[in-house]
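Please look over the sequence and structure below.

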Number of protein chains: 2
Amino acid sequence: MLESPASSTEHREPAITRQNVTAKPIDAHEPWMRGLHADTGYLLYRLGLRSGQLFNSCLQESGLRLRHYAVLRYLATTDGTPQRELSARLGYDPSAIVGLVDDLEKLGFAERRPSPDDRRSRIVVLTESGSDFLRDTDEAGLRVTGELLGPLDPAERETLHALLLRIAEDGLN
Amino acid sequence: MLESPASSTEHREPAITRQNVTAKPIDAHEPWMRGLHADTGYLLYRLGLRSGQLFNSCLQESGLRLRHYAVLRYLATTDGTPQRELSARLGYDPSAIVGLVDDLEKLGFAERRPSPDDRRSRIVVLTESGSDFLRDTDEAGLRVTGELLGPLDPAERETLHALLLRIAEDGLN
DNA sequence: AGCAATAATTGTTGTCGTCAATAGTTGTTG
DNA sequence: CAACAACTATTGACGACAACAATTATTGCT
């Protein structure tokens with residue numbers, strides 16, 4: 001499990017050599033930038049991708065990925081959650097949840113416990129080390145976010161967060 | 001709402017209809033929501049995912065996906081682009097570009113032309129129908145964006161767009 | 001008791017990104 | 001000017017992952 005970080009950590013060198021493109025500063029005033037990023041939806045998609053990559057590369061050293069992290073954070077808020085609820089709330093397929101919880105269990109971050117009410121249901125709970133891990137990586141997450149939100153000052157970050165949150169709660173999930 | 005991904009090959013059913021799940025109102029004041037969406041980076045990731053899905057489901061009827069759209073929009077801004085530039089600027093692997101341009105060529109939206117300077121290079125240009133298609137889908141894109149940004153008024157959308165753009169130009173690409 | 005619905009799980013399929021290898025072409029250099 | 005290194009587009013292979021269908025065990029209904 002978890003092998004080969006391999007690739008995209010330091011993905012900043014597209015082999016600039018000779019007549020290559022003049023390593024450009026790239027600002028939004030160039031026409032191609034406006035053409036590409038004129039639409040907020042597409043912009044969101046692009047940034048979401050980058051954010052996910054950053055998060056993943058940060059979690060990679062721990063052997064898990066963004067989804068695992070999402071599950072962990074959800075578990076941290078409810079303490080005792082049947083898998084079907086994880087599936088419904090996080091929007092992942094039930095079959096995906098199986099593998100995710102398997103991994104978390106293998107690492108000792110969570111464990112399945114039988115439900116007292118329903119014997120088909122398995123309740124997933126966060127363990128001690130899972131909670132610890134969450135606390136540790138939380139800091140790393142903030143660091144990533146800080147890196148991502150580079151040019152924004154605190155007030156602007158607050159604004160952005162509030163706006164995104166409004167959108168998020170609209171569409172649920 | 002739009003909770004279930006549901007979309008794949010043929011059926012694209014945004015399905016605001018079916019309310020099979022016990023739809024909880026879900027607002028950001030619930031503790032689990034704060035726990036999950038406390039971090040701006042993760043929030044961005046999540047919304048980017050949703051935005052991408054929306055875009056894809058919108059383009060699906062045309063037979064292409066978001067990447068094709070990205071290529072088309074880039075082509076629209078430069079008119080005549082070697083494939084290696086597409087690869088570098090959009091962040092896709094050169095081998096991915098091959099398939100994408102193949103599809104676009106097959107649909108008549110773009111075509112490869114030999115480069116006068118370098119016989120190994122192929123210049124991709126946007127055709128008439130490609131430009132038309134772009135204009136048509138641009139409207140659809142705006143509709144999607146509008147749907148996505150539902151609860152925000154025009155001023156807020158402007159603010160959001162500006163903030164996202166600042167982040168985007170920072171990290172290049 | 002019978003029967004539909006549900007929870008977790010397995011297996012399959014198609015898509016996608018990454019990496020390695022190849023053919024044709026260019027530029028450099030000894 | 002001839003050999004070599006670098007580069008462009010392309011192909012093929014491999015692994016990761018999401019979406020569906022099918023299975024097993026259990027529950028609720030009537």
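How far is a phosphate oxygen of DNA strand C from an N or O atom in the side chain of Q83(A)? The distance is 2.6 Å, a polar contact (a pair of N or O atoms within 3.5 Å). The model is predicted: local features need pLDDT of at least 70, side-chain atom pairs count only at pLDDT 80 or more, and totals for chains, interfaces and linings use all residues. Residues are numbered from 1 along each chain as written, chains are lettered from A in the order written, and side-chain values use heavy atoms, without hydrogens and water.

**Surface near DNA strand C**
- DNA strand C is surrounded by 19 residues, near meaning a heavy atom within 4 Å; Q83(A), R84(A), R112(A), R120(A) and R67(B) are the closest.
- Of the DNA strand C atoms within 4 Å of the protein, 78% belong to sugar and phosphate.
- The largest share, three residues, comes from α5(A).

**Contacts from chain B**
- In R65(B), a side-chain N or O atom is 2.8 Å from a phosphate oxygen of DNA strand C.
- R67(B) has a polar side-chain atom 2.8 Å from a sugar or linking oxygen of DNA strand C.

**Sheet of chain B**
- An open antiparallel sheet has three strands (DSSP E runs of at least two residues) in the order β1-β3-β2; strands pair if DSSP finds at least two bridges between them.
- β2(B) and β3 (residues 122–126) of chain B are joined by five bridges.
- A110(B) lies opposite L126(B) in β3(B).

Key. A polar contact is a pair of N or O atoms within 3.5 Å; within protein, one must be able to donate a hydrogen and the other to accept it, and residues adjacent in sequence count only if both atoms are side-chain atoms. Helices (H or I, at least four residues) and strands (E, at least two) are DSSP runs, numbered from the N terminus.
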